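Subject: Structure for your review

Dear colleague,

Please find below the structure that I am handing over to you. My notes on it follow directly after it.

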Amino acid sequence: IFDDGSQVAMRWYQRESDGGLSLWLQMGNARGANGTRLTLHQNEEYDAATMEPIATTVQLAPIESLSTLSVYQAFRELLRNSPVGLWIPTVYADVTDPPINALPATMPLRNQSGHFLGAIVTLVSLADIESFFRSLDATPGTRFAAVDNAGSVLVTTSPGPGVTLSTTTNLAVAANPPPHCASTFLTAVPGTTEFTVACRPLARDFPFAPLRAVAGDRAVMRPA
């Protein structure tokens with residue numbers, strides 16, 4: 001997202017037509033007073049397996065520039081003085097197969113002289129943590145769990161409840177889900193009006209006594 005309202009977006013999503021995975025690319029320039037409208041000049045789609053261009057199913061009319069939104073303006077003020085960027089709470093991305101929890105990061109975009117140009121937003125997948133846990137050569141009976149600062153279980157090798165899914169058309173709920181939940185608000189295909197909310201089980205309620213015993217221990221739950 002550029003300060004002048006121009007933006008470049010890249011997203012992966014699964015096609016309904018054949019189940020294949022697509023890479024969608026949109027580029028647009030800001031037009032109009034104060035760059036409040038986005039004029040699209042590139043809207044393309046590629047098969048993720050072959051990178052061959054295909055007819056895109058994503059058709060968009062000119063949209064409001066994201067750089068005019070209050071959330072961008074808030075991040076802009078924080079990023080202007082940040083050398084590395086900011087991490088954002090977990091989101092739920094169901095445009096991939098299988099769906100994943102992902103940790104967004106936003107980084108400042110500057111030119112060679114250090115002038116602030118805009119922000120880059122990326123998603124770092126958390127899907128491989130459980131696989132990493134299960135690959136460890138641990139003693140028999142050992143169980144692993146990753147718990148976030150909201151006290152929710154991100155992944156674990158212990159049997160128990162998984163992510164609870166629901167849907168909402170309420171933008172306020174989708175944009176600001178409960179601390180132990182994530183939504184598809186930031187990762188949904190443009191034009192989406194119904195969003196998925198994925199809530200993780202809380203450590204304090206998890207059916208594994210040792211985890212419940214330390215769930216409220218601030219010394220255990222402090223950042224690693």
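The torsion about the S-S bond of Cys181 and Cys199 is about 100 degrees, so the disulfide between them is right-handed. Cys181 lies in strand E13 (residues 181-183) and Cys199 in strand E14 (residues 195-199); the two are 18 residues apart, and the pair links distant parts of the chain. Please bear in mind that this is a predicted model. In it, the sulfur atoms of Cys181 and Cys199 are 2.0 Å apart. The structure holds one disulfide. Are its two cysteines buried or exposed? Both Cys181 and Cys199 are buried.

E13 and E14 run antiparallel and are joined by three bridges. Within this pairing, Ala182 stands opposite Ala198 of E14.

Which strands make up the open sheet, and in what order? There are three, in the order E12-E14-E13, and their pairing is antiparallel. Strand E12 (164-168) and E13 are the edge strands, as each pairs on one side only. On average, neighbouring strands of this sheet are turned by 25 degrees against each other, with direction ignored. As background for reading any such sheet, side chains in a regular strand alternate between the two faces of the sheet.

The loop between E13 and E14 deserves a separate note. Phe185 has its place in this loop. Why does Phe185 count as partly exposed? Its relative accessibility is 34%, and the partly exposed class lies between the cut-offs of 20% for buried and 50% for exposed. Together with Leu171 and Leu186, Phe185 makes a nonpolar surface patch of about 280 Å².

A further pair of strands remains to be described. Strand E10 (residues 145-147) pairs with strand E11 (residues 153-156) over three bridges, in the antiparallel sense. Val147 stands opposite Val153 of E11. How many residues lie between E10 and E11 in the hairpin that they form? There are five, and Gly151, in the turn, has a positive phi of about 80 degrees.

Yours sincerely,
A colleague

Definitions and conventions:
Residues are numbered from 1 along each chain as its sequence is written. This is a predicted model: local features need pLDDT of at least 70, side-chain atom pairs count only at pLDDT 80 or more; totals for chains, interfaces and linings use all residues. Side-chain values use heavy atoms; hydrogens and water are left out. A disulfide is a pair of cysteine sulfur atoms within 2.5 Å. Helices (H or I, at least four residues) and strands (E, at least two) are DSSP runs, numbered from the N terminus. Buried means under 20% relative accessible area, exposed over 50%, partly exposed in between (1.4 Å probe, protein chains only). Patches are made of residues with over 30% relative accessible area and no salt bridge: like charges are joined within 9 Å, nonpolar side chains (Val, Leu, Ile, Met, Phe, Trp, Tyr) within 5 Å. Accessible areas come from the Shrake-Rupley method with a 1.4 Å probe; for residues, only the protein chains shown count as cover. A salt bridge is a side-chain nitrogen of Lys or Arg within 4 Å of a carboxyl oxygen of Asp or Glu. Two strands pair if DSSP finds at least two bridges between them. Axes are lines fitted to C-alpha atoms, for helices over the stretch in contact, and angles run from 0 to 180 degrees between N-to-C directions.
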